[in-house]
Amino acid sequence: MSAPMISLEGLTSTTSFDQLLATAKSGGCASSTCGLSGKPDDMDPAVWEKIKDHPCFSEEAHHYFARMHVAVAPACNVQCNYCNRKYDCANESRPGVVSEKLTPDQALRKVIAVANEVPQLSVLGIAGPGDACYDWKKTKATFERVVGEIPDIKLCISTNGLALPDHVAELVDMNVDHVTITINMVDPEVGAKIYPWIFYDHRRYVGIEAARILHERQMLGLEMLTARGILTKINSVMIPGVNDEHLIEVNRWVKERGAFLHNVMPLISDPAHGTHFGLTGQRGPNAMEMKTLQDRLEGGAKLMRHCRQCRADAVGLLGEDRGQEFALDSIPGEVTYDPSRREAYQEVVARERHDHVAARSEAIGMVKAAGSGKSLLVAVATRGGGRVNEHFGHAKELQVYEVSPRGISFVGHRKVEQYCLGGRGDNATLDGVIAALEGIDVVLCAKIGNCPKDQLAEAGIRATDAYGHDYIETAISALYAAEFGIQPLAATA
């Protein structure tokens with residue numbers, strides 16, 4: 001059905017640049033699937049052009065493209081009970097933490113260094129560690145410098161929305177196509193439980209009044225962005241007992257005001273982080289609670305389910321963070337941008353995606369036609385490229401798909417601690433991995449040893465490496481066929 005597998009992982013390594021260029025220059029697509037774009041039938045082509053290479057706004061793109069956050073905006077105008085903007089936390093992966101703050105000039109140097117070494121890079125975002133709109137001069141200066149050197153990079157900001165309406169016109173002028181707004185409530189009484197204070201119009205507000213002002217400014221900013229054609233993603237933190245039920249109303253409000261995506265994220269409330277919620281014992285939701293709420297939101301604003309709650313200095317594909325490779329002291333004082341690596345990668349990916357689109361369409365069609373009436377939750381170990389290509393023992397997260405008579409859909413991910421280090425597995429770590437796989441029926445991976453496979457089986461979770469290096473959807477459809485006695489698809493790899 002498809003051309004021989006292109007190893008995107010191999011092509012992105014620094015030692016295979018010649019191979020990358022040779023593959024990119026090798027001529028037309030080897031597959032009969034050329035011409036397939038992956039664009040959903042009901043999506044405007046102009047919108048597709050904006051999101052097709054953005055790993056946060058397109059679930060399909062996150063298999064292939066990387067984002068980079070630069071920590072140039074440390075000042076913040078809102079205090080959230082789930083946030084503590086602690087610096088120098090290299091081992092923590094959560095919003096608001098960074099290892100080093102940057103000036104706009106330092107950010108430019110770092111972006112060029114990353115663009116030269118990470119050909120998957122498609123998006124530059126500013127997500128703090130404070131608020132990109134409140135620390136606006138640094139945000140604007142950074143974007144202006146970067147676009148002057150790398151004009152094709154997508155620009156993206158994340159904001160709490162309080163200062164957003166003041167800068168919409170400038171965002172339009174700078175061709176910023178994507179804005180993320182964190183909106184956790186539309187009822188100020190709920191908001192007062194989340195935000196102890198805001199700083200607005202040169203004074204501090206607290207309680208319900210603070211939440212009311214924040215709500216009004218968030219809705220105004222969202223409406224202004226929608227009117228100007230800027231795509232918006234709404235981030236909402238799910239806080240059990242505080243706003244979990246209320247997020248259904250939030251979803252309705254943001255859909256009515258034109259939000260492109262709604263991303264519901266679990267509260268991170270480890271007491272070690274020093275947040276108010278963490279120190280007062282407020283728990284976060286478990287994976288099945290998250291899925292239940294997301295399922296209830298289906299039919300409202302379109303959901304993003306592939307978020308990784310990135311650091312404010314994250315670099316790389318979603319689910320990985322290469323930021324520590326690009327500390328300022330490891331980057332030369334003078335760097336020059338070389339676009340050839342990114343351009344070659346984009347050509348290779350365009351052809352790989354054609355095959356993936358065809359394989360996904362065939363796999364979903366077969367599952368829908370099966371009429372089995374059964375469903376499975378499948379966890380997949382992957383390093384990117386849309387394939388089952390990670391060893392179970394090396395995985396730091398597993399992507400979760402649901403396969404049912406409705407088709408195959410991505411429903412989230414489960415972060416896990418790497419089980420195998422130095423060729424040896426740790427039983428205590430494996431116990432934690434098994435706990436994180438609550439509700440999962442089957443694990444697909446490129447390789448798995450007998451010991452972890454047997455322990456997973458004892459916990460009621462099957463694991464197999466029989467579909468290693470297949471496209472994820474093709475592997476899942478073949479698994480479904482084997483499970484319910486349906487004629488399977490041929491492998492694509």
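Contact, in this talk, means heavy atoms within 4.5 Å. This is a predicted model, in which local features need pLDDT of at least 70 and side-chain atom pairs count only at pLDDT 80 or more, while totals for chains, interfaces and linings use all residues. Residues are numbered from 1 along each chain as its sequence is written, and side-chain values use heavy atoms, with hydrogens and water left out.

Which residues does glutamate 60 touch, leaving aside its neighbours within four places in sequence? They are Trp48, Lys52, Arg353 and Arg360. Glutamate 60 sits in the loop between α3 (45-51) and β1. For the element names: helices (H or I, at least four residues) and strands (E, at least two) are DSSP runs, numbered from the N terminus. Glutamate 60 counts as buried because its relative accessibility is 9%; buried means under 20% relative accessible area, exposed over 50%, and partly exposed in between, with a 1.4 Å probe and protein chains only. Histidine 306 is 246 residues away along the chain, yet its C-alpha atom is 9.7 Å from that of glutamate 60.

On the scale of the chain, there are 15 helices and 18 strands. The protein chain has 493 residues, of which 56% count as buried. Take the contacts between residues at least 6 apart in sequence: 73% of them join residues at least 24 apart.

Next, the strand after that loop. β1 covers residues 66-69, and both its faces are covered: Ala66 and Met68 on one side, Arg67 and His69 on the other, are all buried. In general, side chains in a regular strand alternate between the two faces of the sheet. Two strands pair, as I use the word, if DSSP finds at least two bridges between them. β1 pairs with β11 (residues 315-317) in the antiparallel sense, over three bridges, and methionine 68 stands opposite valine 315 there. With β3, β1 pairs in the parallel sense over four bridges; histidine 69 has glycine 125 of β3 as its bridge partner.

β3 also comes up in the packing of α5. The buried residues of α5 are Trp136, Thr139, Ala141, Thr142, Phe143 and Val146, and they pack against α4, β3 (121-126), β4 (154-159) and α6 (168-173).

How do α4 and α5 pack, in angle and axis distance? Helix α4 (residues 104-117) and helix α5 (residues 136-149) make an angle of about 40 degrees, and their axes are 9 Å apart. Axes are lines fitted to C-alpha atoms, for helices over the stretch in contact, and angles run from 0 to 180 degrees between N-to-C directions. From α4 the contact uses Pro104, Asp105, Ala107, Leu108, Val111 and Ile112, and from α5 Lys138, Ala141, Thr142, Arg145, Val146 and Glu149.

Now the sheets. A three-strand open sheet runs in the order β2-β6-β7, with antiparallel pairing. β2 (78-79) and β7 (203-206) are its edges, each with a single partner strand, so one side of each has no neighbour in the sheet. β6 (residues 197-200) and β7 pair over four bridges in the antiparallel sense, and phenylalanine 199 has arginine 204 as its bridge partner in β7. Helix α8 (residues 207-227) packs on this sheet, touching β2, β6 and β7, and its direction makes about 110 degrees with that of β7. The buried residues of α8 include Ala210, Ile213, Leu214, Arg217, Met219 and Leu225. Just after α8, glycine 229 takes a positive phi of about 80 degrees.

The other open sheet on my list has five strands in the order β14-β13-β12-β17-β18, with mixed pairing. Its edge strands are β14 (407-415) and β18 (462-464), each pairing on one side only. From one strand to the next, the twist averages 25 degrees. β13 (residues 397-404) and β14 pair in the antiparallel sense over eight bridges, and the partner of serine 404 in β14 is glycine 407. Helix α11 (residues 287-297) packs on the sheet, touching β12 (376-380), β13 and β14, and its direction makes about 145 degrees with that of β14.

That is the tour; I will take questions.
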